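Biologist: Could you take me through this model, starting with one of its pockets?

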Amino acid sequence: MAGNAGNAGNTAFTIVGAGLAGAKAAETLRAEGFDGPIVLLGDERERPYERPPLSKSYLLGTSEKEQAFVHPPEWYSQHGVDLRLGTTVTGIDPDGHRLTLADGSHHDYAKLLLTTGSTPRPLPVPGADLDGVLYLRRLADSDRLKETFRAASRVVVIGAGWIGLETTAAARAADVEVTVLDTAQVPLQRVLGREVGQIFAELHTDHGVDLRCGTQIAQITGSGGHADGVLLADGTRVEADAVIVGVGVTPNSGLAAAAGLDVGNGVHVDARLRTSHPDVYAAGDVASAFHPLLGKHIRVEHWANALHQPQTAARAMLGQDVIYERLPYFFTDQYDLGMEYTGYVDPDAYDRVVFRGSTESREFIAFWLAGRRVLAGMNVNLWDVTDPIRALVASGQTVDEIALADPDVPLGELVM
Ligand SMILES: Cc1cc2nc3c(=O)[nH]c(=O)nc-3n(C[C@H](O)[C@H](O)[C@H](O)COP(=O)(O)OP(=O)(O)OC[C@H]3O[C@@H](n4cnc5c(N)ncnc54)[C@H](O)[C@@H]3O)c2cc1C
């Protein structure tokens, strides 16, 4: 495709999507000395904020809204970042270097970064549009859940993934009865597999959750337009004051697809985070990026990726010779369990899980292995081990399984 045709005088670097990734890209452009115009366009009314607290401390009421924002309000003007909130981009003309906005106006750019994130997947069952069927993505969603937990005595959570389980823990903390429904045999099965998923099953049943795995949902039932329960395919009915849906997200890649950019499961970018058009980049939840260590494209829906990937994208936009090769990393907090996960494992791409420490007391590291190579490691209630776990995974070297399971062998000594 063409370079700067049709718009040669424009020097603006424009970012579409004012979430964590968009804000970090703007910050990096300035930190790297870029002194041209930076425009950050976002369809939400709030300035960029981080989402992890929305299902944890903010939902629990232990942190304030202000703590979620990426930067203080004055940061944007102080750094010459033209932040335009409540602004939806509806079209991209990559060769013309021009955006169309929802109000019909146009915006020209020299280089473009897409950080449009992702959107919760709707539940495709009858009744999913009733009042009281709730999703969690934005600050206002978290506020609504908080209100619900104040008024409700029982809720159903559909989907035992990260969002569903963290929301469940917050509901239990508010003394709300929770039934969790999932089609898989254990929570988080797709990400963690059966053995480790079972640990999360026990964590939640120990906290009084009615966990029902292997269930199919037929319908969300309602009365007077408001959800009042869930009907399962086997005819069982679970009553609820509200139904919370957390069944995954889809990347907001429609803009890119309509513009003719390569899109699959997200916007395809190379290791420099550049799309199929030389002046358009993508980062964060929306990007399906070629990962040099893994040798394939992956799309990562996690905070650390939204924090680091746009920094590489911003440098690449400035012409620096950079690639993104960090291993995926994510974390969760549920009740008194905190964990960090480093690495990447396709479902069924590992042979076995090796544990170091005690799964009963929930203080351990789980390692996913293929042959004698460690693909990923997850530390639960044990801290300051992410660096050696990352080194172990990144090294690609074979390890001694007995030493791997032995807490007396320092992790750093496992990489030869
Ligand atoms: C409740 C919750 C809890 C989470 N907890 C964790 C956690 O514990 N650990 C972890 O690792 N990850 C967690 N995550 C995931 C993490 O928050 C995401 O990976 C991160 O928010 C992705 O950032 P992003 O900037 O790529 O996208 P987003 O945060 O989705 O931001 C994209 C922005 O672009 C806007 N936008 C989209 N299309 C347009 C358009 N056409 N025009 C203008 N603006 C547009 C969107 O409205 C949004 O504001 C959590 C997510 C949620 C929702």
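Modeller: In the second largest pocket, strand 27 gives the largest share of the lining, three residues; strands here are DSSP E runs of at least two residues and helices H or I runs of at least four, numbered from the N terminus. This is a predicted model, where local features need pLDDT of at least 70, side-chain atom pairs count only at pLDDT 80 or more, and totals for chains, interfaces and linings use all residues. Residues are numbered from 1 along each chain as its sequence is written, and side-chain values use heavy atoms, without hydrogens and water.

Biologist: Which residues lie nearest the centre of that pocket?

Modeller: Those are L293, L294, Y344, R373 and L375, out of 14 lining residues. A pocket is an open set of points on a 1 Å grid over the protein atoms alone, where a 1.4 Å probe fits, with protein on both sides within 12 Å along at least five of seven lines, and lining residues have an atom within 4 Å of a point.

Biologist: And where does the second largest pocket lie?

Modeller: It lies between domain 1 (13-119 + 251-317) and domain 3 (336-413), because both give residues to its lining; the domain bounds come from an automatic or database assignment.

Biologist: Switching topic, how many residues of domain 2 are in contact with domain 3?

Modeller: 14 residues of domain 2 contact 14 residues of domain 3, contact meaning heavy atoms within 4.5 Å, and the C-alpha centres of these two domains lie 29 Å apart.

Biologist: What is the angle between helix 5 and helix 6?

Modeller: Helix 5 (residues 162-173) and helix 6 (residues 189-206) pack at about 10°, with axes 12 Å apart; axes are lines fitted to C-alpha atoms over the stretch in contact, and angles run from 0 to 180 degrees between N-to-C directions.
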